[in-house]
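Reader: Please walk me through the packing in this model. Keep it brisk.

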Amino acid sequence: MDPKELAQQVIDGNRRALARAITLVESARADHREQAIILMDALKASNRVALRVGLSGTPGVGKSTFIETFGMMLIREGLKVAVLAVDPSSSRSGGSILGDKTRMELLSREPHAFIRPSPSQLELGGVARRTREAVSLCEAAGYDIILIETVGVGQSETVVSQMSDLFLLLLAPAGGDELQGVKRGIMEIADMILVNKADGDLKAAANRTCADYAGALRLIRKRSYDPEGYPKAMTVSALQDNGLAEAWTDMQTLIDWRRAHGHFDARRARQAEYWFAQEIRFGLLGQLDREPLKSMIAQLAGQVASGDITPSHAAHDVLTALRHG
């Protein structure tokens with residue numbers, strides 16, 4: 001299909017066209033990349049702006065349950081919700097289970113919801129390289145809220161902040177020592193920390209964990225793009241649908257403040273510059289995987305392994321060859 005025609009179908013809200021468009025932008029084929037660029041350029045005409053919400057958390061914290069309950073609540077409010085769930089890829093086979101749809105049975109049947117699992121493709125940060133373009137596609141398709149679920153928790157997860165307007169860190173109730181296991185970097189980019197599973201026997205532990213993180217947030221230097229009281233920590237129960245409405249109200253308060261003070265548009269502008277630089281880096285790395293550089297690198301790798309040449313010398317030779325094309 002012509003990329004411009006596909007773009008129009010996406011703008012018209014055709015779900016099948018949206019799925020095809022995401023498949024196109026995720027493709028690594030050179031001809032598909034050229035078509036994807038035409039597609040993304042054509043989508044700029046929609047001028048639609050969704051709320052992009054990044055979500056991360058440790059395995060077993062209940063991310064899928066939270067997304068389903070939160071998504072259903074938003075749909076009841078008349079909003080359209082897209083979920084881009086990034087599954088970890090195997091370092092051996094490169095495959096992914098992509099099981100998020102099976103864990104979101106109610107949301108996956110909703111006509112006003114769109115769930116797209118994608119493999120992380122072993123990329124730093126657990127965010128598929130083309131997730132940013134998939135976000136723009138869902139935005140152009142008329143979805144009001146886009147939830148970007150990422151893999152795991154760690155310093156590399158900060159890449160999700162470069163494609164979202166809000167970043168939520170989902171945590172489970174735990175002892176005070178658990179605070180040491182969360183990287184300072186991810187704490188510094190979190191807009192809200194939600195302690196999930198605050199129900200039943202875990203409710204008291206959840207309240208203590210929330211208090212611990214609230215105290216930790218007060219020690220972090222205040223950011224210029226936050227109003228008073230943010231970032232904040234609060235308890236929720238996705239299983240019992242408790243606290244999610246309050247969390248949504250706090251998210252809206254934060255976004256409204258950022259819009260009013262110019263931080264929302266400024267953040268989007270910085271993100272565009274970041275991804276421009278990333279595209280250049282990815283493009284340069286891609287050249288190393290093509291001939292004749294690919295054969296040259298393989299030959300030099302053998303010489304490095306045998307000790308005939310130093311790694312620095314070999315890298316210098318490759319970069320010199322790259323510069324002289």
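**Helix packing and cores**

Author: Pro3, Lys4, Leu6, Ala7, Val10 and Ile11 of α1 meet Gln35, Ile38, Leu39, Ala42 and Leu43 of α3; contact means heavy atoms within 4.5 Å. Helices are DSSP runs (H or I, at least four residues), numbered from the N terminus. This is a predicted model: local features need pLDDT of at least 70, side-chain atom pairs count only at pLDDT 80 or more, and totals for chains, interfaces and linings use all residues. Residues are numbered from 1 along each chain as its sequence is written, and side-chain values use heavy atoms, without hydrogens and water.

Reader: Are α1 and α3 oblique or parallel to each other?

Author: Helix α1 spans residues 3-11 and helix α3 spans residues 30-43. Angles run from 0 to 180 degrees between N-to-C directions; under 35 degrees is roughly parallel, over 145 roughly antiparallel, 65 to 115 roughly perpendicular and the rest oblique. The pair α1 and α3 is therefore oblique.

Reader: Which residues outside its sequence neighbourhood does Leu39 contact?

Author: Neighbours within four places in sequence are left aside. Leu39 also belongs to the residues with the most contacts inside the largest nonpolar core. Its contacts are Pro3, Leu6, Ala7, Ala21, Leu24, Val25 and Leu137.

Reader: How many residues are in the second core?

Author: This core is separate. Among its members are Phe66, Ile115, Leu166 and Leu254. The count is 36 residues.

Reader: Is Thr209 buried or exposed?

Author: Thr209 is found in helix α9. Beyond residues up to four places away in sequence, Thr209 touches Ala172, Pro173, Ala174 and Val195. With a relative accessible area of 2%, Thr209 is buried.

Reader: How far apart in space are Gly215 and Lys232?

Author: Gly215 sits in helix α9 (residues 203-218). At 21% relative accessibility, Gly215 is partly exposed. Gly215 and Lys232 are 17 residues apart in sequence. C-alpha to C-alpha, the distance between Gly215 and Lys232 is 9.7 Å.

Technical notes. Helix = DSSP H or I, 4+ residues; strand = E, 2+ residues; numbered from the N terminus. Buried < 20%, exposed > 50% of the residue type's maximum accessible area, 1.4 Å probe, protein only. Core = buried A, V, L, I, M, F, W, Y, C linked by side-chain atoms within 4.5 Å.
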